[in-house]
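Subject: Structure handover and findings

Dear colleague,

Please find below the structure that I am handing over to you.

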Amino acid sequence: MEEAPTVPITNYSCRFCNFVYTNKRALINHESTHYPEKLPFSCPSCPKVFREKYQLQSHLYTHDSARHFKCNFCGRTFRHSSSLARHKRSHRLTLQNHNR
Ligand SMILES: [Zn+2]
Ligand SMILES: [Zn+2]
Ligand SMILES: [Zn+2]
C-alpha cells in the first residue's frame, strides 16, 4: 500500500537515437558509438567537434569576433586590418562622390 516517493530523475537522451539514460556518463559512452570515428578537434567555447583542424579554426572565428576588423560603414568584416583599410577607401570615394 505504500506509495513510492517521487524521486526526481534527470533523463539524458541520446541526440542521435533518443535512447534515454539516467546516467550522464553512460549516455556519453553511448553517444560515442554513433560517431563513425573520433573527432579530435573540439571547440573550447562550445560542444562542437571537428574532424579537420581547419574546420575548427574557421569555426573559432565565429566565436572570436574581436579578431574581425569591422567596417563601420557597412558592417562587413575582414580578417586583416589592411583588407579593411583598402575596403574603407572604397567607401570614402563613394562618400566624396555623394557630397561633391
Ligand atoms: Zn543513441
Ligand atoms: Zn564553438
Ligand atoms: Zn564597408
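The notes below go from the whole chain to individual residues.

This is a predicted model, in which local features need pLDDT of at least 70 and side-chain atom pairs count only at pLDDT 80 or more, while totals for chains, interfaces and linings use all residues. Residues are numbered from 1 along each chain as its sequence is written, and chains are lettered from A and ligands numbered from 1 in the order in which they are written.

Overall architecture

The protein has three helices and six strands; these are DSSP runs numbered from the N terminus, with helices being H or I of at least four residues and strands being E of at least two. Read from the N terminus, the order of the elements is β-β-α-β-β-α-β-β-α. Of the 100 residues, 0% count as buried (20 or more other C-beta atoms within 10 Å of the residue's own; 12 or fewer is exposed, in between is partly exposed, and C-beta atoms are placed from the backbone). Among contacts with a separation of 6 or more, 0% join residues 24 or more positions apart, a contact being a pair whose C-beta atoms, placed from the backbone, lie within 7 Å.

Annotation

The unreviewed UniProt entry places the feature "domain: C2H2-type" at residues 12–39, 41–68 and 69–91. UniProt positions follow the numbering used here, feature names are shortened, and annotations may be inferred rather than shown by experiment. Over residues 69–91 the chain is 48% helix and 17% strand, with its end C-alpha atoms 15 Å apart.

S13 belongs to strand β1 and counts as exposed because it has 11 C-beta neighbours inside 10 Å. Beyond its neighbours within four places in sequence, S13 is in contact with N18, F19 and V20. The C-alpha atoms of S13 and N23 are 9.8 Å apart, at 10 residues' distance along the chain.

N18 lies in the loop between β1 (12–13) and β2 (20–21). Its phi is near 60°, a positive value in a residue other than glycine. N18 is exposed, since 7 other C-beta atoms lie within 10 Å.

F19 is also found in the loop between β1 and β2. With 14 other C-beta atoms within 10 Å, F19 is partly exposed. Residues up to four places away in sequence aside, F19 touches S13, C14 and H30. F19 and E31, 12 residues apart in sequence, have C-alpha atoms 9.4 Å apart.

Yours sincerely

Notes: Contact = placed C-beta atoms within 7 Å.
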